[in-house]
Amino acid sequence: MVASLGSVTTDASGNTYKVVLADDFSNGYQTSNWGYAYNGGTYWNGAFDWSSSDVNVRNNEMQVTDTRHADGSWTAGGFNSMKAGQSITYGTVEFDARVEQAQGTQAAILMWPVSDSWPRDGEIDILEVPKNQAMHSSHWEGTDGSHQYSSIFSTIDPSKTHHYAMTWLPNEVTIKVDGQVVARWTDAAAIPDTAMGFGAMGYVAAKGEEWLGDAPDGTTPSVVTTHIDNVVMSQWTGTGPVPKPEPTPAPAPLVDTTPVVKTIGSGSDALVLKITQDVYKVGAQYTVSVDGKQIGGTLTAGAAQGSGQTDVITVKGDWAAGAHKVTVTFLNDTWGGTSATDSNLHVTGMTYNGKAVAGGTADLMSNGPVDLAFTEAAALPPAPPPPPPTGTGAIPALFGTPGTWGQAAKV
């Protein structure tokens, strides 16, 4: 057993914690710890149904699965200790976990309010894995009743087994992975103050759900598993001083802002687009089409707006004389609630065959297309042939000798 119920530990700052739940799953699925798994009902995105068959103890660990069925539908599992009356108001949770990587699925290992009142009573996502990246979040209700959240990415590989530890105190929430702090919140609004239970859930993305990289596809296995083991949940007893908040280390940037120089398509004509992005969470993705035909695949912006640098995207083709339409379509707008947490895409200039195109700029502030125009000039008509020579001067050899030129001209 990972810990004894009722045992007490004290941290370096004098805070004490009493173990209220400990499970290494060596005795199977215990409803006294977890209640009954979620079963029945469709998740709000319409992509999957809850099924208790997707929560099982196998190989002495808890396994939460996302399962594709023969008819193409998906189910996912979920459980939470609050269903068994097991909760804490401040304290610690530790566990080992790994989340299998797959297109269009993720997992959330989290603290959820016993009241089920969300976002009023908050949520702490100890680990989520959108697009197979480790993300840690706190959710709360704004003063206007709106849903607010703060998400911090870490550079760990969540498909490998790691030890996760959350400490939740009245003045801070801290998350560590393998002993290293990866996220911390000290804003009072971001710290829940009501009882919460520990649990996990699978998640299947709906088509177009870009924050998860879109829906499952043919590469996605029929069963994707989240593995959890060695869970210990402890109640903070309130004794000892509350540790002073330490500065949160700045996470390493996940978005590469190196300017991109790329050529797409083929042909003798060259349409050059200059591109920048406002960076938030992920690189801005987009496509380029000319006259309704997409050229190249999905592109990811590099250069950051305001950096003084731009991406240079050369679009090659053989376009006929006349006006043409170039369409840039923004695919993955990400909004964090403020102008500083908003991804955008910018076309800062456009040239065609080396000449600047008037009106060749656009700001894409949300998903969707913007149309720009360029013109291929009509070809000049061929020059007329020179007139035949006149007068008595020498006749070029092309027209024969002077004695025969008149006859040759009549032939």
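1. Aromatic cluster. In this predicted model, ring pairs join Tyr-38, Tyr-43, Trp-44, Phe-48, Trp-50, Tyr-203 and Trp-211 into a cluster. The count of aromatic pairs comes to 19.

2. Tyr-43 is buried, at 19% relative accessible area; the cut-off for buried is under 20%. Trp-44, with 66%, is exposed. Phe-48 and Trp-50 pair edge-to-face, with 5.4 Å from centre to centre and 90° between the planes. Phe-48 is buried at 2% relative accessible area, and Trp-50 also counts as buried, at 15%.

3. Salt bridges. Side chains of opposite charge can pair when their charged atoms come close. A search of the whole structure gives two salt bridges. One of them joins Glu-172 to Arg-184, with 3.0 Å from N to O. Glu-172 belongs to strand E14 (residues 172-177) and Arg-184 to strand E15 (residues 180-185), so the bridge ties together parts twelve residues apart in sequence. Both partners are buried: Glu-172 has a relative accessible area of 5%, and Arg-184 has 9%.

4. The Arg-120 bridge. Arg-120 forms a salt bridge with Asp-121, and their closest N and O atoms are 2.9 Å apart. Asp-121 counts as buried because its relative accessibility is 10%, and the cut-off is under 20%.

5. Nonpolar cores. The largest nonpolar core has 45 residues. Within this core, Phe-95, Met-111, Ile-126, Met-166, Trp-168, Phe-198 and Ile-228 touch the most other members. Apart from neighbours within four places in sequence, Met-111 is in contact with Ile-88, Val-93, Glu-123, Ile-124, Ile-126, Met-166, Met-196, Gly-197, Phe-198 and Met-233. A second, separate core holds 26 residues, including Ile-313, Phe-330, Leu-345 and Phe-374.

6. The chain as a whole. The secondary structure of the protein chain consists of two helices and 27 strands. The chain has 411 residues, of which 46% count as buried. Among contacts with a separation of 6 or more, 68% are between residues 24 or more positions apart.

Methods. Residues are numbered from 1 along each chain as its sequence is written. This is a predicted model: local features need pLDDT of at least 70, side-chain atom pairs count only at pLDDT 80 or more; totals for chains, interfaces and linings use all residues. Side-chain values use heavy atoms; hydrogens and water are left out. Helices (H or I, at least four residues) and strands (E, at least two) are DSSP runs, numbered from the N terminus. Buried means under 20% relative accessible area, exposed over 50%, partly exposed in between (1.4 Å probe, protein chains only). Contact means heavy atoms within 4.5 Å. A salt bridge is a side-chain nitrogen of Lys or Arg within 4 Å of a carboxyl oxygen of Asp or Glu. A nonpolar core is a set of buried Ala, Val, Leu, Ile, Met, Phe, Trp, Tyr and Cys residues joined through side-chain atoms within 4.5 Å. Rings of Phe, Tyr and Trp (its six-membered ring) pair if their centres lie within 6.5 Å; planes under 30 degrees apart count as stacked, over 60 as edge-to-face and the rest as tilted.
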